[in-house]
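This report describes one protein chain for a reader who is new to structural description. Please keep the sequence and the structure in view while reading.

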Amino acid sequence: MAGVRERPGTFFRLSPAANGKARCFAVRRGEIDGRADVIFHQPWIRSRLALVEKGKFAACSLGSVIHEIRYGTGTPPPYLEPGPETVPFVRATDIKDGEVNLDTLYHIAEEQPKLMDKCRLAGGELIIVRSGVNTGDCAVIPPVLLGAYAAYDLILTFTANASAHFVSTFLDTEIGRLQLNLVKGRAAQPHINADEVSALRIPLPKPAKQTELVAAMDAARAERRAKLAEADALLTGLDGFLLATLGLTPPPKDDRKVFAASVRAAREQSHLNADYFHPERILALRAMEAASERVPCAKLAEVVAFIRDQIKTPGPNYLSLAHVQSNTGELTNTNEEAAGACSEYQTGDVLFARLRPYLNKVYRAEMDGCCSPEFHVLRVNNAKELLPDYLGAILRSSLTLAQTRHMMTGNTHPRLTNEDVINLVIPIPKDVAAQKAIAAEARRRREEARRLRAEAEAGWEAAKRWFEAQLLGPAQP
């Protein structure tokens, strides 16, 4: 019978599926220990948690080795572009795979006394996300990251008995994540507090052994990074192949802050934004114009339809900007969820980010789904004349980026206006064979990059199992 039956001294539960199998089990009243929920008392969970207590090293509460634990406070100030008077600001979404992703950090003004006094980072601390969809994710703050952290983070420092790197690595193992998942709950807004973090149980070898284990994991992490970097290099390297195939020369890098634009040009193009006339953008347009007899160019609105079909309730295969990697066009795992209305897309559509175009987030859809309204959904008018794979590649190219990085407006959330996007200029060779060659090379690189990524993740998961086994012994069935 589903639910709960009582008899003196015992709770009987018919649990939901546990590890794929429904189980009926008993728990004595004296063993409840403050937790009466079914999931916590499932036998497979209790047996896994018992390994911490019976492992190769004495177990202790995390609180017994914490020197200080601090909460973030306050609302985040406006995000700014990096500059001499800004500092990096670590959000929950910047913490992934046991590391702080330095590539996704936003910046805030350093002159934020209330925030900086209470939420300043010194480097070497352990940061744990305490609220939101990725509650429990943690990482060690790199020594070079001298900035601030968000209100939904916890900052921990430790006594000489425990290394922040060791604790972070353990919490990222299967048994560490299991403990975090049990305390954060299953509410719409999961959360953990300082007391719950302090109550987590960890095995604690001597500091020398912690250093040894962390060094082995650092080597495994470096191998993972190398393979991921190789995969990224394959994908970003497509730009050189694309330009060579089209016979185009990318515009030279130009960091000038002072340049001239004629009043006539500003009037003709209806723009008073100085950066719109930046030499890098002008030179990119001139390069395409010079080769136009060989490789015709067109404005984006002439060759694609802008799909604006929206749904109020998000469906499957939702994509936010965080799901799309910069410069590669590949998807990445993220805990970010849909909020509000979404745009629909179909297989073969190209999603082109309007927010922070310098991040170069362009994805050729491999399935139907819905996405953040911060994407333009582009659908080619004639797939025989313009291949979707080619469209995705050219919109990620240096030719397009040289235009978009100088067309955005707004300081806190710089965007491309609809008018500017429809007027983007792209080269479209009449010889479809050239497009097919670029599309085929894009697919080849994508497949090889995915193979490398799969190898990197499999190796990293094996390393985490090894780390756990060194502490607890072989995993029990």
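T73 is placed in the loop between β5 (66-71) and β6 (86-90). With a relative accessibility of 31%, T73 counts as partly exposed, because partly exposed covers the range between the buried limit of 20% and the exposed limit of 50%. T73 and Y149 stand 76 residues apart in sequence, yet their C-alpha atoms are 8.8 Å apart in space. The model in which these values were computed is a predicted one.

## The chain as a whole

The chain contains 14 helices and 24 strands. Of its 477 residues, 46% are buried.

For the chain in general, contacts with a separation of 6 or more can be considered together: 74% of them are between residues 24 or more positions apart.

## Two pairs of packed helices

Two packed helices are described by the angle between their axes and the distance between the axes. For helix α1 (residues 43-54) and helix α4 (residues 174-184), the angle is about 120° and the axes are 10 Å apart. The two helices, α1 and α4, are therefore oblique to each other, and α1 passes α4 in a left-handed crossing. On the α1 side, the residues in contact are W44, I45, R48, L49, L51 and V52, and on the α4 side they are E174, I175, L178, Q179 and L182. The residues of this contact comprise 8 nonpolar, 1 polar and 2 charged.

Helix α3 (residues 164-171) packs with helix α6 (residues 207-236) at an angle of about 60°, their axes being 9 Å apart. These helices, α3 and α6, are therefore also oblique to each other, and the crossing in which α3 passes α6 is left-handed. From α3, the residues H165, F166 and T169 meet Q210, L213, V214 and M217 of α6. The residues of this contact divide into 4 nonpolar and 3 polar, with no charged residue.

## Buried residues in helices

T169 belongs to helix α3. Is T169 buried or exposed? At 10% relative accessibility, T169 counts as buried, because the limit for a buried residue is under 20%. Apart from neighbours within four places in sequence, T169 is in contact with M217 and F467.

Helix α11 (residues 388-395) has 7 of its 8 residues buried, so α11 is largely enclosed by the rest of the structure. The buried residues of α11 are D389, Y390, L391, G392, A393, I394 and L395.

## Buried residues in a strand and a loop

Y345 is part of strand β19. It is buried, with a relative accessible area of 2%. Which residues does Y345 touch, not counting those up to four places away in sequence? They are N317, L319, L351, A365, M367, D368, G369, C370, C371 and V377. One of these, G369, is 24 residues from Y345 in sequence, and the C-alpha atoms of Y345 and G369 are 5.5 Å apart.

R356 is located in the loop between β20 (350-353) and β21 (362-364). Although placed in a loop, R356 is buried, with a relative accessible area of 4%. R356 and G410 are 54 residues apart along the chain, and 9.7 Å separates their C-alpha atoms.

## Two residues with a positive phi

Most residues other than glycine have a negative phi. D97 is not a glycine, yet it has a positive phi of about 55°. The position of D97 is in the loop between β7 (95-96) and β8 (99-100), and D97 is partly exposed, with a relative accessible area of 35%.

N327, likewise a residue other than glycine, has a positive phi near 70°. N327 is found in the loop between β18 (318-319) and β19 (342-345). Its relative accessibility is 35%, so N327 counts as partly exposed.

Key:
Residues numbered from 1 in each chain as written. Predicted model: local features only at pLDDT ≥ 70, side-chain atom pairs only at ≥ 80, totals over all residues. Heavy atoms only, no water. Axes fitted to C-alpha atoms, helices over the stretch in contact; angles between N-to-C directions. Helix = DSSP H or I, 4+ residues; strand = E, 2+ residues; numbered from the N terminus. Parallel < 35°, antiparallel > 145°, perpendicular 65-115°, else oblique. Left-handed = near helix turned anticlockwise from the far one by under 90°. Contact = heavy atoms within 4.5 Å. Nonpolar A, V, L, I, M, F, W, Y, C, P; charged D, E, K, R; others polar. Buried < 20%, exposed > 50% of the residue type's maximum accessible area, 1.4 Å probe, protein only.
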